[in-house]
Amino acid sequence: MFLLRRYYSSVKRIAQIAVANKPGDTLQVQGWIKNVRRLKNNIFLDINDGSTSNKFQLVVPRTLDTQKLTAGSVVSAVGRVQLAPNGHYELHAENVQSIAEGHLQDGYPFSPKQQHAPEYVREHLHLRSRIDYIAAQMRIRHKAQKAIHDYMDELNFVQINTPILTTNDCEGAGEVFRVQPDSDQLLKQMSRPNVPVEESYFDQKAFLSVSGQLHLEAMSYGLGNTYTFAPAFRAENSKSPLHLAEFYMFEVELVYMEQLDALAAFIECTLKEITNRLHNSSASDLHFCQSKANASSDLTWLQAPWTIMSYDEALAIIVANRDKLKTPVGIDDGLSKEQELFLVAHCGAPVFVLNWPSQQKPFYMKVSRSDPQRVHALDLLMPSVGELCGGSLRESDAELLSKNPKLPKDLSWYVELRKFGGLPTGGFGMGFERYLQLLTGVKNIRDVIPFPRYPHSCKM
């Protein structure tokens, strides 16, 4: 352990040098050479170690050994920190060691001095962390998750690791991936009477989870407020820049939640808080990604109060402005992305749309006692991405729930939760990748996740 601490304390990450060091300090850095400039007495190496979008300059004496250093190679250097004429720190290296050759001329797909289209970069998923804007997205992704976990922990929520394998389709839309062993021999060995062979592993059909919500509810009935941050899977035939087959969901369940506007207020407060924390921790990376995407860095929705309106009010606005919209208005079809973005622009702020027609929403949402054709559901609409969150009060009446024609037949346990000391709950889910798109302005959701999965593409 002593040797491990000594090693890691001797190597500085480039992002930390400006805040933790001063001129004259001796330190060690490691990273990839991004650019080489050779002068008469010195060689200037721009290196990057993945901790920041900024390159760090090494000033190296020109010798027979250092003359061989090329872009793409990995080096380790020890030297003294100095202040360069441009006001940035640089390292005057006393010792430089080549750790690995870059071999950029042997088929490396990215030219160091060339800008590559996102579509081209996506063709090389195993190497794209070397691209500056992808690396910045991954650092933002990490810090955003940390902000979520830290904030929820401060609110005394319990994180639940909801299962990826499940027997239910939470949303009831049929957009599930089926799971079974690939070995026919194994399935035959495990087969039982009256169980189809393809279901013999679990004795029933199993799927990749589309949501952890139902499992969160089960935990909340004993633990109180809970949340999960987990992958979700949707088998949709969509190549939209806002959809993935595999993505991450931040889902929250609150106990004793009986008012939809209180749930909306909690969502607004939570998103503003984690975004402000992310701004404080990752301002440089956020600005870098926003500039690469030609997006505004001014997130005005952080300061503005968000609008709350009923579904009927939202529909009335859309109907009154139908001449400005290309998509038709369908009472039974929900809102199109164009209509969602129009509502946000019309209100000049994010919009909560409350109290939806029951036929548009899943079985678990609480039916309005004053209007059985409505459920206490909400959608949060945001600039550029449209729907970001969906939430609702949960139906707490076991009798009403059991009579819902949409209730799947294998969810008797879900109804039973209400039988033994049931309590009112409510919650929401947020697509994490859409949230990152909202912050960074990145147009395609495939560029905010390390390894995107979508129709006709499951590489690596």
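## Contacts across the fold

Glu 395 is buried, at 2% relative accessibility. Buried means under 20% relative accessible area, exposed over 50%, and partly exposed in between, with a 1.4 Å probe and protein chains only. The model is predicted: local features need pLDDT of at least 70, side-chain atom pairs count only at pLDDT 80 or more, and totals for chains, interfaces and linings use all residues. Residues are numbered from 1 along each chain as its sequence is written, and side-chain values use heavy atoms, without hydrogens and water.

**Salt bridges.** Glu 395 meets Arg 369 in a salt bridge, at 2.8 Å from N to O. A salt bridge here is a side-chain nitrogen of Lys or Arg within 4 Å of a carboxyl oxygen of Asp or Glu. Arg 369 sits in the loop between strand S13 (351–357) and strand S14 (374–382), and Glu 395 in the loop between strand S15 (386–393) and helix H10 (398–402), so the pair ties together parts 26 residues apart in sequence. Helices (H or I, at least four residues) and strands (E, at least two) are DSSP runs, numbered from the N terminus. Arg 369 is partly exposed, at 47% relative accessibility. Shared partners join Glu 217, Glu 253, Arg 394 and Arg 418 into one salt-bridge network.

The count comes to 22 salt bridges. One of them joins the side chains of Asp 49 and Arg 13, at 4.0 Å from N to O. Asp 49 lies in the loop between strand S2 (42–48) and strand S3 (56–61), and Arg 13 in the loop between helix H1 (2–10) and helix H2 (14–20), 36 residues apart. Glu 94 and Arg 80 also form a salt bridge, at 3.8 Å. This pair links strand S5 (residues 89–100), which holds Glu 94, to strand S4 (residues 74–83), which holds Arg 80, 14 residues apart.

**Aromatic pairs.** There are 15 aromatic pairs. Among them is Phe 266 with Phe 428, a tilted pair at 6.4 Å centre to centre, with 55 degrees between the planes. Phe 266 lies in helix H7 and Phe 428 in strand S16 (residues 425–431), so this pair ties together parts 162 residues apart in sequence. Rings of Phe, Tyr and Trp (its six-membered ring) pair if their centres lie within 6.5 Å; planes under 30 degrees apart are stacked, over 60 edge-to-face, the rest tilted. Phe 157, Tyr 227, Phe 250, Phe 266 and Phe 428 form one aromatic cluster.

Exposure of the paired residues:

| Residue | Relative accessible area | Class |
|---|---|---|
| Asp 49 | 7% | buried |
| Arg 13 | 43% | partly exposed |
| Glu 94 | 57% | exposed |
| Arg 80 | 40% | partly exposed |
| Phe 266 | 16% | buried |
| Phe 428 | 2% | buried |

**Charges over rings.** Arg 418 lies over the face of Tyr 414, 4.1 Å from the ring centre. The charged end of Arg 446 sits over the ring of Tyr 454, 3.6 Å from its centre. The rule asks for NZ of Lys or CZ of Arg within 6 Å of the ring centre and within 35 degrees of the ring normal.

**The second largest pocket.** The space in the second largest pocket is about 790 Å³. Its lining has 30 residues, and the closest to the centre are Ile 14, Ala 15, Gln 16, Thr 52 and Asn 54. H2, S3, S5, helix H4 (132–154) and helix H7 (260–292) each give two or more residues to the lining. H2 gives the most, with six residues. A pocket is an open set of points on a 1 Å grid where a 1.4 Å probe fits, with protein on both sides within 12 Å along at least five of seven lines; lining residues have an atom within 4 Å of a point.

Definitions and conventions. Grid points are joined across faces, edges and corners, and a volume is the space filled by probe spheres set on the points.
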